[in-house]
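Welcome, and thanks for taking a look at this one with me. Please open the structure and keep it beside you as you read.

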Amino acid sequence: MISEPAPHTLDLTEARRRRAEARWRYLKDSYVLWRRNRLMVLGTSIVLGLLLVAALAPLLATHNPYEQILNDRLLAPSAKYWFGTDSLGRDIYSRVVYGARVTLTIALLVAAISTPLGMLMGIVAGYLGGLADEILMRLADVFLAFPRLILAIAFAAALGPGVENAIVAIAIAHWPSYARLARAETLNVKNNDYIQAMRVLGAGKARIMAGHILPLTLSSIIVRMSLDMGTIILTAAGLGFLGLGAQPPMPEWGLMVSDGRQFLVDQWWVSTLPGLAILVVVMGFNLLGDGIRDVLDPRQRQA
Amino acid sequence: MGRYLLRRLVTLTITLLGIMVITFFISLVIPMDPLAALAGPQAPQETVDRLRTLYGFDQPLYVQFGRYANRLLHGDLGVSFQTGRPVFQDILKYFPATLELATFAILVGVALGIPLGVLSAVYRNSLLDQFCRLLSLIGVSTPVFWLGLVLLLIFYYKLGWFPEPGRLDIMLLEPSRITGVLLVDSAVARDWEVFWSALKHLVLPASVLGLTGMAGIARITRSSMLEVLSQEYVKTARIKGLGEFLVITRHALRNALVPTVTVIGLTYGGLLEGSVLTETIFSWPGLGRYMANAFLTLDLNTIVGGTMLVAFTFCVVNLGVDLLYAFLNPKITYTAS
Amino acid sequence: MADELLLDVQDLKVEFPTLRGTIHALQGVTFRLHRRETLGLAGETGCGKSVTALAILRLISPPGRISHGRILFEGRDLLAASEAEMRDLRGSQISMILQEPKMSLNPVIRVGAQVAETLLVHDKTLSRRAAAERAVEMLATLGIPDPQRVARRYPHELSGGMAQRVMIAMMLVTRPKLLIADEPTSALDVTIQAQILELMKALKREIQTAVLLITHDLGVMAETCDRVAVMYAGSVVEQGSVRTVLKRPQHPYTQGLLKTIPNDVAPDQLLFSIRGQVPSLLAPPAGCAFAPRCDRAMPECVQAVPPQYGLEADHHVACFLHRGGTANRHDAKSPI
């Protein structure tokens, strides 16, 4: 039973092959996990559905969402008007369909503004530390001291009604949480051997932050972003409902719910159906976010 | 514990200062000239100019901010354009109604949320778990204003099980105001008719407001329980021969509830924002509706004063929650000191 | 050892269904433990030692399951017992101490109360005060200074060694017949290790409990165990008295294992390691699990799993090299 251990040499091709194999296995496991989780599949379908509806709105709508046919006001759902009509004779179904575009635009723009901004603040604060960290984090804390909806409403009121202002207002309310998250992740990886090695090799701060730290923080940011999408949409709808966000005649779902409020008793469909759209879409994003988080969670992968 | 508290208080003060700055900034940005409103639409330019000097609006910004901060510290939040009364007085008047609503909502949230979360965790991945998760997911995804309308439609307009929006039957008089919380005041005055009516009026809005909270509580309870159930000391408890029920309640839940309690506290603070929408729908005479109106009519003083107070409260509640967490979890203060 | 049989594990098989297939953690574990004896369960990480311990207590969590075998405790098959009966046994007749003491104690309950709890669970007539007092006595027995005060502490306030003593107190306070110790000293530093082992030996003498000591440290085993069972890839390959197995190992794996201990190695000599790798538990080979790494493998070794053949009165080896053997075969049908 005497066996001399053979010295190991590093075989690059072998190492590369093994790494590629590991990556493939990771993707395969992710896919299996995704498929097993029925709710996650549902969520993804809803979000994809939203994207499709928004993209194909002109094809899916039955009427012009802005056209008012005053003779056909407040009609119940029928074969002609699938969701009925509102107080100005507009087809609610078509407005809901076009509203998908509005919702999607708002959500994406808010994310596009608040996420990079938050990440920038967070990574810089986390990596540089010291005074920069203190200042940036105090700033984030102050913004976080306000309940998000209230802050969004306050800024929306201050900036004036309109969907662009609403987008800015919501973004202002959201960036701090990304900043904190990015900072926490940065602190985690800042002292990795890998990053230390980069420093030793003489890489500048900016290069390290942008090229190395940023990718490492991406996965938790993405998870947070997908989980946040739902809240963003709800906030936007809330602003629309209060009259501070999208303005008539834009087919924004929150605004539509508000429009139908006075007719709630006899013409329930004017408020109920757009609200249902909000519910379904937000649920889809939440399911998706949950699913992404579950898939990335190492513990789930073991069982 | 003492040192930790001190550190947090310092942070709190800085944050409160920052809140004042932001609300001041908001007030500057609001597209409304309070002087023009004060002077009236007919006033000539010179009147407005004189008012400007009189009220110090021509002073540099930091001076203005200084005066603003000074007034705040004396409790002067200005006069509301809507009601014509001092904002501070209005807030005191409307606060109890919101407090009553929020407290009930939390009770709903906790009573439904914690059992839901525990069941979900214990029977992980079963059909029950999936169902509970779906339920709390719907709770988190539902637009509050829409749910309020739907519930009103079904339970009031169509079924008549619950009364009209508002706090009390129109016919009934409010009891003499001790705390402002109707349930308390009417109980003290033994006015059971009012008590009952107030309770019935509370159910729908509290359920709406509490539903989102319930979902959040259920989710954190579930994830916290799952985390705890995989810990070694749960295994130890089973090794000792404890029945599953005791393992879950005495060992797992006690640890799992620590983060849940903080979420409950945070939810309380978060209910402030939900109340803006809920109170609008249910015509609830509370802080939320007051603020909503202020935002819509651009009632400057109210917006500034109200937002600031809400932020203050939120901040203080959060601090309280953090302290509670530190208290409950002996490890935090131990390692921090 | 003329002591009677306390625990008789026969062909125990445990599997865990996972994403990628079923992991066969235990592929037929067979060993015996007698009253008042210390049996060491040795083997490298992943060979199934801890799973065996959990299986005895029937604490394998789903989707894992015990798919085959018998576990006879005092003649009674634990796998046929009801959950209520198992709960009675756990903590009172059979106990287990775990590897990381500070993680194994509930962080929000005082340690004294945790020790007392074991008593209260199994003796409903005991008053809280009496249980608390006995808990403090137990802590003192474990050599904890100022036991009254320590009882009011929380786990994170204790050192590793103290926490392990508390754990032992918690599990021995009911004077169980069998104590399973799963790597009890691996998380402690060496000086504390020695103390704890001494303590366990003393307690064992006093309480007359049998110990199933799970460890990967052959040195610890040599010092504290009466008998030893060596595990490899989910089954027992050799068992016998500690002197016999360590001085005259018969299974190629045991021999290789002992060779890896660096005794009298010249400074520039390469350390010995068994060639090859532990087989995957997902698709276990049809024959002997060690065959691919064994220098003396024969054709039949890859075709069937060797049962344990008896060599002397108390020395069994699961290897075809010893087929025939001089004593009885050690399997389910053996009457020893």
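The points below go through the chains one topic at a time.

1. A word before we start: this is a predicted model. Please read everything that follows with that in mind.

2. Let's begin where chain A meets chain B. The contact draws 39 residues from chain A and 39 residues from chain B. On the side of chain A that touches chain B, the elements that contribute two or more residues are helix 5 (130–144), helix 6 (148–159), helix 9 (205–242) and helix 11 (269–296) of chain A. By residue type, that side of chain A has 27 nonpolar, eight polar and four charged residues.

3. Chain B itself is quick to describe. It has 14 helices and zero strands, and along the sequence its pattern reads α-α-α-α-α-α-α-α-α-α-α-α-α-α. Of the 337 residues in chain B, 42% are buried. Counting contacts in chain B between residues at least 6 apart in sequence, 72% link residues at least 24 apart.

4. Which residues have the most contacts inside the largest nonpolar core? That core has 157 residues, and the ones in question are A:Ala152, A:Ile153, A:Ala166, A:Ile170 and A:Ile233. To see one of them in its surroundings, select A:Ile233: leaving out residues up to four places away in sequence, A:Ile233 touches A:Thr103, A:Ala107, A:Ile278, A:Val281, A:Val282 and A:Phe285. Another core lies apart from the largest one; it has 98 residues, including C:Ala116, C:Ala163, C:Phe290 and C:Tyr309.

5. Now to chain C, which has 10 helices and 12 strands. The radius of gyration of chain C is 21 Å, close to the 20 Å that the globule rule gives for 336 residues, so chain C is as compact as a globular protein of that length. Its C-alpha trace spans about 65 × 55 × 45 Å along the principal axes. Of the 336 residues of chain C, 47% count as buried. For contacts in chain C between residues at least 6 apart in sequence, 61% join residues at least 24 apart.

6. One sheet in chain C is open and has four strands in the order 2-1-4-5, with antiparallel pairing. Strand 2 (21–34) and strand 5 (76–77) of chain C are its edge strands, each pairing on one side only. Two bridges connect strand 4 (residues 65–73) and strand 5 of chain C in the antiparallel sense, and C:Leu72 stands opposite C:Asp77 in strand 5 of chain C. Helix 1 (residues 49–56) of chain C packs on this sheet, where it touches strand 1 (5–18), strand 2 and strand 4 of chain C. The direction of helix 1 makes about 70 degrees with that of strand 2 of chain C.

7. Chain C also has an open sheet of eight strands, ordered 6-7-8-3-9-10-12-11, with mixed pairing. Strand 6 (94–97) and strand 11 (309–312) of chain C each have a single partner strand, so one side of each is left without a neighbour in the sheet. From one strand to the next, the twist averages 20 degrees.

8. Finally, look at the strand 6 end of that sheet. Strand 6 of chain C runs parallel to strand 7 (residues 178–182) of chain C, and four bridges join them. Here C:Met96 stands opposite C:Ile180 in strand 7 of chain C. Helix 6 (residues 160–172) of chain C packs on the sheet and touches strand 6 and strand 7 of chain C. What angle does the direction of helix 6 make with that of strand 6 of chain C? About 170 degrees.

How values were computed:
Residues are numbered from 1 along each chain as its sequence is written. Chains are lettered from A and ligands numbered from 1 in the order in which they are written. This is a predicted model: local features need pLDDT of at least 70, side-chain atom pairs count only at pLDDT 80 or more; totals for chains, interfaces and linings use all residues. Two residues are in contact if their C-beta atoms, placed from the backbone, lie within 7 Å. Ala, Val, Leu, Ile, Met, Phe, Trp, Tyr, Cys and Pro count as nonpolar, Asp, Glu, Lys and Arg as charged, and the others, Gly among them, as polar. A residue is buried if 20 or more other C-beta atoms lie within 10 Å of its own, exposed if 12 or fewer, and partly exposed in between; C-beta atoms are placed from the backbone. The radius of gyration is taken over C-alpha atoms; the globule rule is 2.2 Å times the number of residues to the power 0.38. A nonpolar core is a set of buried Ala, Val, Leu, Ile, Met, Phe, Trp, Tyr and Cys residues joined through C-beta atoms within 7 Å. Two strands pair if DSSP finds at least two bridges between them. Axes are lines fitted to C-alpha atoms, for helices over the stretch in contact, and angles run from 0 to 180 degrees between N-to-C directions.
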